[in-house]
Amino acid sequence: EPSEALKEYVQTLVKRAEKIRSGGVRSNQDNMLKVTSDGRKAALDMRLVNPWGEVCEGGKIQLCAQNVYKIWDQFAEQRGTQLVFCDLSTPRDDGGFNAYACLRELLIERGIPSNEIAFIHDYNTDAEKASLFKEVREGIKRVLVGSTEKMGVGTNVQDLLVAVHHLDSPWRPSDLEQRNGRIVRQGNKFSEVWIYTYLTKGSFDAYMYQILHTKARFIAQVMHGNASMRTVED
């Protein structure tokens with residue numbers, strides 16, 4: 001559910017969009033890409049657009065933490081592992097708010113040991129990543145958080161994966177396929193897995209998934225292979 005602060009902020013985005021469409025602002029000052037970016041951040045956590053904002057109780061990060069902990073506890077005996085995808089608000093060193101640190105704090109508060117949680121952004125070399133992936137496959141690291149770019153192609157950690165969480169939406173259908181392809185693949189010991197998608201009502205989340213749906217439908221029409229087709233629906 002959206003907070004009151006988010007509802008008010010979305011209205012300011014609507015006004016910005018109307019001003020852009022009417023030509024009332026230069027593109028180098030404001031544009032729809034900036035509006036969409038701010039909308040995506042606000043849907044994840046209002047503190048990404050207002051550093052002095054209050055904690056959004058019941059927001060996406062809090063709900064994700066609850067689900068991650070529930071599955072962590074449920075599959076403790078099997079050492080079940082989980083991936084959390086988040087392209088926005090990646091780790092930073094300047095002390096400012098970021099979704100990754102917030103999620104880790106909430107998981108630790110609930111009882112997950114800090115040494116079982118890893119951010120892929122902390123592993124820079126191929127050797128470091130290989131070592132990390134081995135630990136995930138063995139259930140030593142049980143919660144791995146990262147972006148589509150860093151945790152997509154080449155991330156082979158499926159052995160004990162039981163859940164994937166999408167905290168935000170990527171821009172391309174292929175990115176979503178890459179994310180889910182980490183868990184729905186051969187070599188996973190679990191025959192049943194969970195995929196969680198988090199959307200905030202009345203936010204830009206719906207807009208982003210509509211864009212994904214439109215792109216996926218367009219691509220599917222092209223890839224259908226009908227030789228008589230000369231136009232596609234956009």
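**Close-up views of the predicted model**

**View 1. A right-handed β-α-β unit is made by strand E2, helix H5 (residues 126-137) and strand E3.** In this predicted model, E2 and E3 run parallel and are joined by 3 bridges, with Phe-119 standing opposite Val-145 in E3. Strand E1 (residues 81-85) also runs parallel to E3, to which 4 bridges join it, and here Phe-85 stands opposite Gly-146.

**View 2. Strand E3 is covered on both of its faces.** In a regular strand the side chains alternate between the two faces of the sheet. In E3, Val-143 and Val-145 lie on one side, Leu-144 and Gly-146 lie on the other, and all four of these residues are buried.

**View 3. The largest nonpolar core of the model comprises 29 residues.** Val-84, Leu-103, Leu-107 and Val-143 are the residues with the most contacts inside this core, to which helix H3 (60-74), helix H4 (99-110) and strands E2 (117-119), E3 (143-146) and E4 (161-166) each supply at least two residues. Apart from this core lies another, of 13 residues, which includes Leu-83, Leu-132, Met-151 and Leu-161. When residues up to four places away in sequence are not counted, Val-84 touches Cys-64, Val-68 and Leu-103, the E3 residues Val-143, Leu-144, Val-145 and Gly-146, and also Met-151, His-165 and Leu-167.

**View 4. Strands E4 and E5 (residues 194-197) run parallel and are joined by 4 bridges.** Within this pairing, Ala-163 stands opposite Trp-194 in E5.

**View 5. The structure holds 1 cavity of 30 Å³ or more.** The largest cavity contains about 90 Å³ of space and is lined by 13 residues, among which Ala-42, Ala-43, Cys-56, Gly-59 and Thr-200 lie nearest its centre. Helix H2 (residues 32-44) contributes 3 residues, the largest share of this lining.

**View 6. Thr-214 is found in helix H8 (residues 204-223).** From C-alpha to C-alpha, Thr-214 and Val-164 are 23 Å apart in space, and 50 residues separate them in sequence.

Methods
Residues numbered from 1 in each chain as written. Predicted model: local features only at pLDDT ≥ 70, side-chain atom pairs only at ≥ 80, totals over all residues. Heavy atoms only, no water. Core = buried A, V, L, I, M, F, W, Y, C linked by side-chain atoms within 4.5 Å. Buried < 20%, exposed > 50% of the residue type's maximum accessible area, 1.4 Å probe, protein only. Contact = heavy atoms within 4.5 Å. Pairing = 2+ DSSP bridges. 1 Å grid on protein atoms, 1.4 Å probe; cavity = no way out; pocket = protein on both sides within 12 Å on 5 of 7 lines; lining within 4 Å. Points joined across faces, edges and corners; volume = space filled by probe spheres on them. Right-handed = clockwise from strand over helix to strand, strands pointing away.
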